[in-house]
Amino acid sequence: MASLVTLYLLATLLSSAESKTYWGDVTALKELKNSVDAKSMRPGSCLSTWDFSVDPCDSVFSDTFTCGLRCVSGRVTELSFDQAGYSGSLSSFSFNLPYLHTLDLSGNYFSGPLPDSLSNLTHLTRLALSANSFSGSIPDSLGSLSLLEELLLDGNRLDGSVPVSFNGLSNLKRLEIQVNNISGEFPDLNSLKNLYFLDASDNRISGRIPSSLPESLVQISMRNNLIHGTIPQSFKLFNSLQVIDLTHNKLSGSIPSFIFTHQSLQQLTLSFNGFTSLDSPYYSPLSLPSELISIDLSNNRIQGVLPLFLGLLPKLSALSLENNNFFGMIPTQYVWKTVSSGSEFAGFQRLLLGGNFLFGVVPGPLMALKPGSTNLQLAGNCFSWCPATLFFCQGQEQRSPTECRKFSRLIP
């Protein structure tokens with residue numbers, strides 16, 4: 001019995017010893033807490049419970065260190081702060097936590113530059129610094145974090161360009177740098193073979209869309225920038241691409257035909273650009289192979305008759321062509337797709353054609369639609385009769401005959 005008691009006590013002591021935090025990690029945690037403005041550590045927040053009179057990893061289920069960190073075998077592997085309004089600068093923090101896998105400080109008020117010392121986190125797989133007030137350029141050294149899978153820097157005040165060193169993030173799956181002041185041309189990130197989500201919206205990025213983006217991408221969002229040119233032909237090789245959002249840029253020329261028959265694309269948003277035409281794909285009289293559900297080409301300068309093929313896309317249920325220079329009559333394909341739908345051919349739940357130069361009479365089947373049946377908009381065109389009493393004619397008067405005749409003389 002005595003030997004069993006001895007073995008039990010020894011096992012307990014060993015287990016306790018293994019759960020103790022490595023002294024270097026304790027030092028780093030103390031340094032991190034000291035980097036945070038004490039006035040921002042409100043009662044009840046994670047950091048307010050960090051009491052270094054006890055061992056951090058040995059106290060995570062007590063009244064101290066109630067949240068904010070996770071340990072494995074005495075090493076700190078995760079730091080995830082609550083959104084408690086912490087402030088302060090991390091520019092002098094050493095980040096000497098070599099076993100850290102996750103660092104999430106999102107939704108606080110940290111400011112100052114991102115420190116080069118973040119590159120010390122060699123085992124990091126997730127870095128989330130979203131919605132803070134970090135400023136300055138993105139450190140080139142972040143490109144050395146080869147195990148990183150998620151990099152979330154959105155909602156800060158970062159400037160400068162996207163580092164070319166990001167090509168070293170070979171395991172990166174998600175990159176979010178939207179809502180900053182990032183400028184310059186976007187680099188070719190063709191080395192990131194696992195990247196599936198890219199959001200660089202709401203910045204000041206210029207130049208063209210890189211032709212060597214990873215073919216693994218599922219979503220590309222680069223809206224509200226200064227990008228010019230057109231959609232690269234390389235996009236047709238992106239076999240998993242589902243969402244393209246390039247609204248509010250300076251894109252121009254013609255929208256390539258392949259984009260409308262892309263094998264996986266579901267959402268195409270190109271509004272508020274300078275496109276002047278779109279290329280029609282080859283199609284049969286009945287339908288087109290396409291996965292597109294939503295297309296928004298509004299607020300461009302596209303001219304010509306309404307493309308017949310858009311009324312033949314089998315899954316398309318939302319089409320916005322507002323505020324362009326389309327003319328002619330509404331095609332029968334559009335009418336049929338608006339008033340009827342089937343299990344194999346989706347109808348238009350949203351068809352926005354206002355602000356163009358469409359003329360003639362509004363087709364009878366559309367006149368029979370009741371409010372709430374579909375989101376149809378025909379205001380601001382050249383129809384001979386479209387009174388505001390009809391729900392789809394409300395919001396803007398039809399153009400004057402003088403304006404419509406003037407435009408018709410400009411048609412090549």
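In this predicted model, Phe260 is buried, with a relative accessibility of 0%, and Phe309 is likewise buried at 1% (buried meaning under 20% relative accessible area, with a 1.4 Å probe and protein chains only). Residues are numbered from 1 along each chain, and side-chain values use heavy atoms, without hydrogens and water.

A search of the whole structure gives 15 aromatic pairs (rings of Phe, Tyr and the six-membered ring of Trp with centres within 6.5 Å; planes under 30 degrees apart are stacked, over 60 edge-to-face, the rest tilted). Phe260 and Phe309 form an edge-to-face pair, because their ring centres are 5.1 Å apart and their planes stand at 65 degrees. Phe260 belongs to the loop between strands 17 and 18 and Phe309 to the loop between strands 21 and 22, so the contact ties together parts 49 residues apart in sequence. Ring pairs also link Trp50, Phe52, Phe65, Phe81 and Tyr86 into a cluster.

Strands are DSSP runs of E of at least two residues, numbered from the N terminus, and two strands pair if DSSP finds at least two bridges between them. An open sheet of three strands has the order 15-17-19 with parallel pairing; strand 15 (228-229) and strand 19 (274-278) are its edges. Strand 17 (residues 250-255) is joined to strand 19 by four bridges, with Gly253 opposite Phe275. Strand 23 (residues 325-328) pairs in the parallel sense with strand 21 (residues 303-305) over three bridges and with strand 25 (residues 357-360) over two.

Terms used
This is a predicted model: local features need pLDDT of at least 70, side-chain atom pairs count only at pLDDT 80 or more; totals for chains, interfaces and linings use all residues. Buried means under 20% relative accessible area, exposed over 50%, partly exposed in between (1.4 Å probe, protein chains only).
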